Structure formats: C-alpha cells, structure tokens
Amino acid sequence: MTTNTLAEPKFAALLDRLYAEADASQQRLRDWIAGLSPDELAAWKAGADDYRSLYLNAKDAHLAVSRPIARLLYILARTRHARTVVEFGTSFGLSTLHLAAAVHDNGGGLLIGSEFEPGKVAQARQNLAEAGLADGTDIRDGDALDTLAHDLPGAIDLVFLDGAKQLYLPVLALLEGHLPVGALLIADDTGHAPDYLEHVRNSGMYESTVLESGIELSVRTS
C-alpha cells in the first residue's frame, strides 16, 4: 500500500488553515511596510544585513513557501528517498510539514529544523504534533550557526535553505561534511546569496541549476 500523507483529509485541512493564516500574516507585513515613512523604510532596508533585526520585525509573519514549492519539496524528498533532512529557516513550519511528511512516507527518519524566533519554534512544533509528525523531528531553537554545529546525522540526504540569505554558505559549511554523493540542496531566493551560488556552481562538488521560481537545486556529485 502506497503512502501519501499530503492526500490525507486531516493533513490537507491543516495545510489549508495554515496557508490562510500565512496569507493574512503576509498581508499584515505588507501593510506595516507600506505604513513606514520614507526615512523609516530607508532605515529598515539599510538594516537588512542584520538578519536578527530583520526577522524580528517579521516574527509574526509566516514567510511561507508557496503551495507549489512546498509540494516540490515533498516530491524531491520522496524521489531521493530521504530519511535525514535538515531545514534552515523553519518559521511556522509549512515547508517543515511537507518535508516531515515525505520522511514519514519514506519509512521514517529524522528531520532537523532550525529557527531562532522562539514563538515560531513553539508553533512549528505544535503544527507537527497536530499533523502526527512530531516523532522523528527536532526543531532547534536558536541561531543556526550554533544549533546546526553539532549533533548531526552521519549522512544528510536533503537540505532546504530558507532562512537569512547571508547565512546560506556558512550553514552549508556546517553541513557539507555530512553530505554524501547524491544529497540534494534546495535553496530559496538565492538572488540574495551570491557567495552560495558561486560555491554550488563552481566548486566542482555539485551539479546545480536554477528553477523558474528562483530556487537553486543542487546535487552533490563528488
């Protein structure tokens, strides 16, 4: 009997509710930005390099991937038969739910997430529990440069990068020794991560391509 958690009515209803909440939170964030004065907006943009400040201002926003991208994550994880997954930038856990569902449907394993906003960590854990996917997940609370620097599985099958873009390459550096040939890297919005793109495209360690959505998809080749 085949397993597809995404097709289960209870899981689908949870996703519908969370995406409705995500849409509302994104609109509130857009409204907040629109309400800034020119000086406030300039100051906010100037502080974008301070990822802690930037994401603190968005602590109530889901910053979720779209439904098609979330399903792509599930499909890629199923295709790779991923049993060990690391996600950088869990937020409220919509992408996490899809990756955890794939690990579950592949026969079980471990999904490690990292999120430094405590409220989001708590909600992501609650969402996973509601979906019946809490077992086999480890959502780590804190800066990924700390939380992903230890206690990693020997081999990581798939990595999803969707946090602060300037940390993509430093986070990859923490994980790279655990990536076997065939491991997949999926990185969102890499136009803001030129050093990461330089590495996955030109280091000779990966075959990499950009999708129309702006996601960089890479496979470890050596």
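**Close-up 1. Asp 105, a buried residue of helix H5**. In this predicted model, Asp 105 has 9% relative accessibility and therefore counts as buried, the cut-off being under 20%. Asp 105 belongs to H5, which covers residues 94–105. Thr 3 lies 102 residues away in sequence, yet the two C-alpha atoms are 5.7 Å apart.

Close-up 2. H6 runs over residues 118–130, 13 residues in total. From first C-alpha to last, H6 reaches 18 Å, close to the 18 Å expected at 1.5 Å a residue. Its buried residues are Lys 120, Val 121, Ala 124, Asn 127 and Leu 128. An α-helix has 3.6 residues a turn, so residues three or four places apart point the same way. Just after H6, Gly 132 adopts a positive phi of about 75 degrees.

**Close-up 3. Packing of helices H8 and H9**. H8 spans residues 168–175 and H9 spans residues 194–202. Their axes are 7 Å apart and meet at an angle of about 45 degrees. The two helices are therefore oblique to each other. H8 contributes Tyr 168, Leu 169 and Leu 172 to the contact. Facing them from H9 are Asp 195, Tyr 196, His 199 and Val 200. By class, the contact has five nonpolar residues, one polar and one charged.

How values were computed
Residues numbered from 1 in each chain as written. Predicted model: local features only at pLDDT ≥ 70, side-chain atom pairs only at ≥ 80, totals over all residues. Heavy atoms only, no water. Axes fitted to C-alpha atoms, helices over the stretch in contact; angles between N-to-C directions. Helix = DSSP H or I, 4+ residues; strand = E, 2+ residues; numbered from the N terminus. Parallel < 35°, antiparallel > 145°, perpendicular 65-115°, else oblique. Contact = heavy atoms within 4.5 Å. Nonpolar A, V, L, I, M, F, W, Y, C, P; charged D, E, K, R; others polar. Expected span 1.5 Å × (residues − 1). Buried < 20%, exposed > 50% of the residue type's maximum accessible area, 1.4 Å probe, protein only.
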